[in-house]
Amino acid sequence: MKLSSRLDTIKNKVTDHYDHIWDCCCDHGQLGVALLASHPKSMIHFVDVVDELMVELESQLQKHASAIQSQWQVHCMDVAKLPLIKGKKNLIIIAGVGGDLLIELVRSIQTRNNGIELEFILCPVLHNYMVRCELIEMGFGLISETLVKENKRFYEVLHVSNQAVESMTAVGSRMWDLSDGVHQEYLNKTISHYQRMEANPKCTSRVSEQYQELIGK
Ligand SMILES: C[S@@+](CC[C@H](N)C(=O)[O-])C[C@H]1O[C@@H](n2cnc3c(N)ncnc32)[C@H](O)[C@@H]1O
C-alpha cells in the first residue's frame, strides 16, 4: 500500500540500522509494514493500546508471513510502558497523536529508561512549539527535521536523540526553506495563530515574535 507523504517522510528518515524499531500508536500498522520491507534485518514492533486493532494486525501479518523477511512483534499496550531492549539499538517512532500525549509518552519512556541512548522520530498533530520546548528541556538534540504538508495540514517530523550534539530550537532551524511557498504559508499561519492568542491580555508569552525572527534570517 502506498504511504502518505507524512508517513513516507518518516520512513525515509530511518536510514541507519536499528536492532529494534518501535512503530508506536501504530493504528493499522501502515508505517511498520513499510519498514518490514525496507529494514529486513530489524525487529519491527507494532504497538497500540486498542486490542481489536492489534488482533486484526497480527492476523494480517501471520497471513502474509511467508512474504515477510523481517521479524516482527505485535504489542497491545500503553506506549508509556514501552519495553525497550537494553544494550541494543532502539528507534522509537511516535506519530499521529496530539502534542500533549506525545510528550507524556516521551517523558514516561525517558523516566523508565534512565541513562540509555534514546532516539525518536516524532510527528505530533499540532502543538509543535510546545513539543520542541519540552524536548529541549528533556535534553534531546536534533538529528534532522522536516516540514510536510498533507491534505491541507502541516506536520513537523522531528528526528531527535539524547546523544545528538546539535541543539534543537523552539521554532525550528534546518527545517525551514523560506524560498518555498509551502514553508512561507506554514510560517505565516503559525505567526497569525500565536498573534491571535497573544491578543488576549491574559497571554504574556510572545511566541509569534520568535517565529517572525525567522523571516529576518
Ligand atoms: C491516529 S492514529 C496514528 C496512526 C499512525 N501512527 C499515523 O501516524 O498515521 C493514533 C493511534 O494512537 C493510539 N494510541 C493513543 N494513545 C496510546 C497509548 N498511550 N499507547 C498506545 N497507543 C495509543 C490509538 O489507539 C490510535 O490507534
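L126 is exposed in the predicted model, with a relative accessibility of 51%; exposed denotes over 50% relative accessible area, buried under 20%, and partly exposed the range in between, computed with a 1.4 Å probe and protein chains only. The model is predicted, and local features therefore require pLDDT of at least 70 and side-chain atom pairs pLDDT 80 or more, while totals for chains, interfaces and linings use all residues. Residues are numbered from 1 along each chain as its sequence is written, and side-chain values use heavy atoms, with hydrogens and water left out.

L126 is located in the loop between strand 5 (119-125) and helix 5 (128-137); helices (H or I, at least four residues) and strands (E, at least two) are DSSP runs numbered from the N terminus. The phi angle of L126 is positive, about 70°, although the residue is not a glycine. Most residues other than glycine have a negative phi. A positive phi, of about 55°, is also found at D27, which is not a glycine. D27 belongs to the loop between strand 1 and helix 2 and is partly exposed, with a relative accessible area of 37%.

Strand 1 (residues 20-24) is largely enclosed by the rest of the structure, because 5 of its 5 residues are buried. In a regular strand the side chains alternate between the two faces of the sheet. From strand 1, H20, W22 and C24 point one way and I21 and D23 the other way, and all are buried. Strand 1 pairs in the parallel sense with strand 2 (residues 43-48) over 5 bridges, where pairing requires that DSSP finds at least two bridges between two strands. Within this pair, H20 stands opposite M43, and C24 has V47 as its bridge partner. Strand 1 is also joined to strand 4 by 5 bridges, and these two strands run parallel. The bridge partner of W22 in strand 4 is I92.

Strand 2 is mostly covered as well, with 6 of its 6 residues buried. On one side of strand 2 lie M43, H45 and V47, on the other I44, F46 and D48, and all are buried. Strand 2 runs parallel to strand 3 and is joined to it by 6 bridges; F46 stands opposite V74 of strand 3.

Strand 1, helix 2 (residues 30-38) and strand 2 form a right-handed β-α-β unit; a crossover is right-handed if, with the strands pointing away from the viewer, the path from the first strand over the helix to the second runs clockwise. Strand 2, helix 3 (residues 51-63) and strand 3 likewise form a right-handed β-α-β unit.

The ligand is surrounded by 16 residues, of which R6, C25, D48, D78 and A95 are the closest; a residue is near a molecule or strand if one of its heavy atoms lies within 4 Å of it. The shell around the ligand comprises 11 nonpolar, 1 polar and 4 charged residues, where Ala, Val, Leu, Ile, Met, Phe, Trp, Tyr, Cys and Pro count as nonpolar, Asp, Glu, Lys and Arg as charged, and the others, Gly among them, as polar. Nitrogen atoms of the ligand lie 2.8 Å from a backbone N or O atom of C25, 3.0 Å from a polar backbone atom of V79 and 2.9 Å from a backbone N or O atom of A95. The protein buries 76% of the 600 Å² that the ligand exposes when taken alone, with areas from the Shrake-Rupley method and a 1.4 Å probe; for residues, only the protein chains shown count as cover. Helix 1 (5-12), strand 4 (90-98) and helix 4 (99-112) are the elements that give two or more residues to the shell. Strand 4 supplies the largest share, 3 residues.

V79 lies in the loop between strand 3 (71-76) and strand 4 and is buried, with a relative accessible area of 3%. V79 and E166 are separated by 87 residues in sequence and by 27 Å in space, C-alpha to C-alpha.

E145, in strand 6 (residues 141-150), is buried at 6% relative accessibility. The side chain of E145 reaches the backbone nitrogen of S173 at 2.6 Å, and a polar atom of that side chain lies 2.8 Å from the backbone nitrogen of R174. A polar contact is a pair of N or O atoms within 3.5 Å; within protein, one must be able to donate a hydrogen and the other to accept it, and residues adjacent in sequence count only if both atoms are side-chain atoms.
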